Structure formats: C-alpha cells, structure tokens
Amino acid sequence: MRTVHPMPDQSAVTPLRQPLVTVDKLTVDMPLGRSGSSVRIVDGVDFSIGVGERVALVGESGSGKSLTARALMRLDRLARLSGRVDFDGTDLLKLSDRDMGRLRGSSIAMVFQDPMSFLDPLMTIGDQVAETLRIRGVGKAEARKRALAVLDELGVDRAAERLDAYPHEFSGGMRQRVVLAMALVGEPRLLIADEPTTALDVRVQDQVLDLLDDVSARRGLAVLFITHDLGVVAGFAERVMVMYSGRIVEDGEVASVFAKPSHPYTQGLIKAVPRIDQDLNTLYAIPGAPPPPLARPNGCPFHPRCDQRFERCDKDLPALLQVGLSRVACHLHDGQQHDRHPHDRKGA
Amino acid sequence: MLAFRAYSWFLGRRLGLTLLTLWGLASLVFLMIKLMPGDEAQMAAGADASAAQIEAVRERLGLDAPVIMQYLSFLGRLLRGDLGTSIVTLQPVLADLEKVLPSTLELVFIAMLLNLAVAIPAGIVAAYRQGGVFDTTSRITAVMLGGMPAFWLALVLQYVLGSVWRVVPISGQQGYGMNSPVVTGAPTLDALIAGNFAGFFDTLHHIILPAAVLAALFATQIFRTLRAALLGVLRSDFIMAVRAKGATARHMLVRHALPNSLNPVLTLSGAQAGAMIGSAVLVETVFARQGIGAYMFNAVAQKDAFAVLGSVMFIGTVVCLVNLIVDILQLLVDPRIRAAQLGSQGQ
C-alpha cells in the first residue's frame, strides 16, 4: 500500500537551488490551418529548473514535451503562448522579439535531434559555430578563434583544418558535436537538449551523452533534457518530469521516481523498459495510445489507459500536488477519501 | 591543383554537352529549311527572278548536291560563323545581327535586373509573412500580370504612362538630337562612352517602359518560384536552429533561407534569359525599338527565311551559353553539387 502525504502547498516545490527558470501555467496553442481555431498542445504546465540543475522531460511523441521546450525560447513562430516563463527575473513571454533574440543563443541555447537537418547545408561548419558570436558583433577572427576552441573542447579532431568543411562532410557523431558547439559557443546558462541522441547509433549516443555530461558539469550549465529514453534519464538527469497529453503528471528526483513511481503512467513507462535481469517472453507495453489533443477525454487524460482508475477519474482533472518529495497529478494521491477498488477494464 | 583539374574536367564535360545540344539545334534548323514549302533557290533568288537566275543561285548555293553533302556544308558554314545571307538586306545574317543585337541585349539586361530586383524581395517578404496582406496582394498581382498578354499590358502602359500622364516616352530608343557616336551599338552604353549624360538618361528614360513590360511576365514566375521554395526552406529544421542562435529575421532570411532557395530561381532565370530574347520580338515591335526581335519580325514579314533561321540558330546558341553559366553558378552556390560534380578533390 502506498503511503499518501497530502501537501497541497505549492511553495514546497521550490528546488534546493536558486531557480534559473520558473515556468508558470504555460500553455501552447497551435493554429489549425487558416481556420483561425487552434488546438492546445501544452495545457498549463508549471515547473522550475535550478541553476546548474539537470532536468529530464519525458513523454511519448505528441505529449507536448518538444513544444514546451521550444516555448521557453519562443522558437515556434506559429505557436500562441500564455502563462509566464521567468528567466532570471524577466518574463520571457513579455519580451519584444528583438530582446528575445538577444537572449537566444547567449542565455538559453538549444541542441536538436537530427544534427544533419539542423545544420545549414550551404554554410561551413566554422561559420555556423561562429555565427552565434558574429550576430552579436564579435569580430570575424575572434569569433573563429572561439569557435575553434569549443570544437576542440568537444573533441572534433583536426578541428582547425575542418572549420571550412561543410556539414555533408561530417559523420553523424561529429555533426552532433558541431551542433553542441553551436549551442555552447555563446556561453548560455540553460541548455535545452531536444532528443539530442535519438538520431544517433548507440555507440555514438554514449559518446555524446558523456560529452554533454562533461561540458555541462564543467560549465555549471542547467540542462533541460527532452527524451523518451528512460535509460538516458537515469544516467544523466537529477530530476525527471513526466508529460502526458500536454500536462506534467509526475515530477521528482530521478532516484525516487525510478524506485517508486507514483503515477500509473510513470509506473507503466518504467515497467515497459526491458531489463537484462528479467527473463520475459513478451515485453510490457501500456495498452492504448495517447489521446489526440483535440479529443482529450473528460477527467484525467490517462484514465482510458489506466489499470487503477476509479469513479472520479473520468470526472475531475487531477491537479499536480506535492506527494512526498515529488509532485503527482493523480486522484490516487490527492489525499481525499475514496473507494479504492478500481473497477475492471471493460472489454479488456 | 587537383581542384583546378576537377574544375576543368567539369567545364570540359559541360562544354561538350553544350556543343552536342547546338549540333541538335543546327540539325533541326537544317531540317526546317528542307521542309519549308517552296524551292530554296527560288526563295534565295527572289520572287521575280528568271529561271536562269534561279539555276545560277542553285549552283552557287550548292543546292544541286545530295542532301547529306548540303547538310555537311551547312554545318561547316556554321562552324565558320556563317548563318546564311539575308534575302532582303543581302548581307550575311550574322553581320545584320551584330548591328541589332546590342540593343536587344541592353533591353534584356535591364529587364532581367528589374525582374530580379522586384521579384526576389517580393518573394522573400511574401513567404516570410505567408497569408499576410502583402502576400495576398502580391499573389493576386502575380496571377493578373502573369495572365495578361504582354502586348496588351504594353498598350495600356503606353496609353496611361505615355499618353495620359506623359511620364515616359511612348516609343523609340532616344529623343531627337540625343544620339551619341555608335561604339557598341547599345544606346545607353554608347552615351556613357561618349560622356553624354543627358543622352544616357534619355535612353534610360526610353528603355524603362519596354523593359518593365518585358520583365512583368518573367517576374511573376520568379516570384512564385522563390516564394514556394522559401516556404519549404522556412519550415526546415536548420532555420529553427538559426533562430535559436539569436539571429534576426533579416539575418536568417538573407544568410540562410535565401541561399537555400536560390537553386530553382537560378535555373529558372537562366531559362528566362533565353525566353526574354524571344519575347523581345513583341516588345521591340510595340515600342518601335531596334533589336533582334524587330529584325526577326521584319524577316518573317518579308519571308526572309534565312534571316529567320539564322536568328533562331543564334538565339539558341545564346540560351545554351546562359545555361552553361547557370550550371557554373550552381556549382559555386552549393557545396553538395560541387562535391557530386567535381568529386572529393573539388573541395
């Protein structure tokens, strides 16, 4: 039996460190064609990231994790954002485009999934890395020198000779280093990594992760790491946030969430990771699929797939509440009295 | 050194292909001469030549030889730059073209400048603000201009700008007393060379309307092509990466989005340069300008077959050369094409 510590006080969420980013009731709406209507992909998300903290944001494709990350930098031109994104005391959503542009690359930088498609095929590697600095008026020779220094630091061999090479002349792992160098050269305080290892093969994945681990520790970088790979989360992050259907459903220290996941969705995700010490004939998968954002069910969006649901689950949307050291959005943990005999899944 | 060899190998191949195309064109032109109804010797000798005169011409032109020999000597003459003799002017067609061509090149050059100077910025703004007011109005304008017959546009502009508002001359190449000594044959250039600035502005004043009419149709094509290419590129991932670096919209558009959208525009404008020389026929006629268009128009009107075919041959050569230049430009723009065409040593 789970022990429930109802602590509805939101201020208890404050991380031990001084917060660098505080996101409050962030919503992201994407327009639907030219109809003027829109669909809410991210639905009132709040969290904070401390100075130098590494946070993983996990969820299935379509859960809104990438759009949440892009919203922090206001990268989607079409997205309509509301809420607050507090970075070091300024609300990013209220900045002018020009001021937001100044922050991008220098305060918050981003590493992307597929390093090939995120590099301009017509520009040399050296120019693309130096560009972050050149935009800010750094002289050509100086920018090139600093670009070379970062590429060297990231272990791009013969970097000096290859500054004038083009992306198509680099291997996948090397390209990812270039993309990382592009992000680091502006010396940001927060690095958003949007599935930076997904497109790479396993051996290169490990190299890139080690590298990311290394440089972020050395520079005291806060990292928001977006992934659907729980193995990566365990090795890299201190805290993990689980997203489902545009909301955060669980947020806590990696060790405690992995040891004792509270939300049935998190439990399912962890159960679905194949383990080498288990001898199974079939791998576990959470039944069903996430709801499309236009047809979210009433109540908890996870309830149609949940094996522990009960009466309230299809009526009330659970709030994200403090439960022990974590935050959880589930009626099982909201501290209210209820009949706890989950009814059987119909037809399943 | 290796790069030099790779480049000359590429150029050699492209030149070979160009020559092959020209040979095909020449064969086609020869076929057209042979397939034309009527007797060639009769045409060359003139409508009221006597039978003896016609036979003399037939012998002089080698028309009594077998067709294959005629074909070979036709190719031989082409190699020496002999495009045939005009029946009307009795001059070699090439000599006639040399006189009228600079004027056309000047018109086409200015029309091309106008075309790109209007269509490229318009395409950029329309794509960046897709669905906005500028995008909508410029797309409607492009459809209207693109669907409008050029001669009609020319007549309307002549009436409104030339006759009602009187801001530009209706026709001609220069005003009275504005002539400069002929050096190149292109009036604006000649005026510049002579240091005749009043004459220079006068010729520009005359060329602006015909160049605009010539540019209009082509500008709508460039606009649509660039807009479509840009829309695709603006959705691509690396544009987001550039924005994440903190680039301004202007920097992102000019340094990244535009170069990546230029390939189809380059190909199209190459084809347009040739088509513009063809379209000059109409514009030069309507605006009473000298040039290859007017020359061909007169040649057709006077059934001067050799002048027409010689001009066709000549325009075809220009188109082939322009395409060769476009191929080289594409090589300079895109390192991936460079790698594919030159091999790894081209880097």
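This is a predicted model: local features need pLDDT of at least 70, side-chain atom pairs count only at pLDDT 80 or more; totals for chains, interfaces and linings use all residues.
The domain assignment divides chain A into two parts. Between the C-alpha centres of domain 1 and domain 2 of chain A the distance is 26 Å.

The size of an interface is often expressed as the accessible area that is lost when the parts come together. For domain 1 and domain 2 of chain A, the buried area is about 1,100 Å², and carbon and sulfur atoms give 51% of that. In terms of residues, 16 from domain 1 of chain A are in contact with 14 from domain 2 of chain A.

Polar interactions also cross this interface. The rule finds eight residue pairs in polar contact there, both residues of each pair being at pLDDT 80 or more. On the side of domain 1 of chain A that touches domain 2, the elements giving two or more residues are helix 2 (97–103) and helix 7 (202–219). Helix 7 of chain A supplies the largest share of that side, five residues. Two salt bridges are found across the interface of the two domains.

Over all chains, the whole structure has 35 salt bridges. In one of them, the side chains of Lys65(A) and Glu195(A) meet at 3.5 Å, N to O. Lys65(A) sits in helix 1 (residues 65–73) and Glu195(A) in the loop between strand 8 (190–194) and helix 7 of chain A, so the pair links distant parts of the chain, 130 residues apart. Both Lys65(A) and Glu195(A) are buried.Another salt bridge joins Asp88(A) and Arg189(A), with an N to O distance of 2.6 Å. Asp88(A) is in the loop between strand 5 (80–87) and strand 6 (90–91), and Arg189(A) is in the loop between helix 6 (172–184) and strand 8 of chain A, so this pair ties together parts that are 101 residues apart in sequence. Asp88(A) is partly exposed at 45% relative accessibility, and Arg189(A) is partly exposed at 35%.

The side chains of Asp91(A) and Arg84(A) form a further salt bridge of 3.8 Å, N to O. Here Asp91(A) is buried, with a relative accessible area of 9%, whereas Arg84(A) counts as partly exposed at 35%.

Arg218(A) and Glu153(A) also meet in a salt bridge, at 2.8 Å from N to O. Finally, a network of salt bridges links Asp46(A), Glu53(A), Arg239(A), Asp251(A) and Arg327(A).

Note on methods
Residues are numbered from 1 along each chain as its sequence is written. Chains are lettered from A and ligands numbered from 1 in the order in which they are written. Side-chain values use heavy atoms; hydrogens and water are left out. Domain bounds come from an automatic or database domain assignment. Contact means heavy atoms within 4.5 Å. Buried area is the accessible area (1.4 Å probe) that two parts lose on being put together, summed over both. A salt bridge is a side-chain nitrogen of Lys or Arg within 4 Å of a carboxyl oxygen of Asp or Glu. A polar contact is a pair of N or O atoms within 3.5 Å; within protein, one must be able to donate a hydrogen and the other to accept it, and residues adjacent in sequence count only if both atoms are side-chain atoms. Helices (H or I, at least four residues) and strands (E, at least two) are DSSP runs, numbered from the N terminus. Buried means under 20% relative accessible area, exposed over 50%, partly exposed in between (1.4 Å probe, protein chains only).
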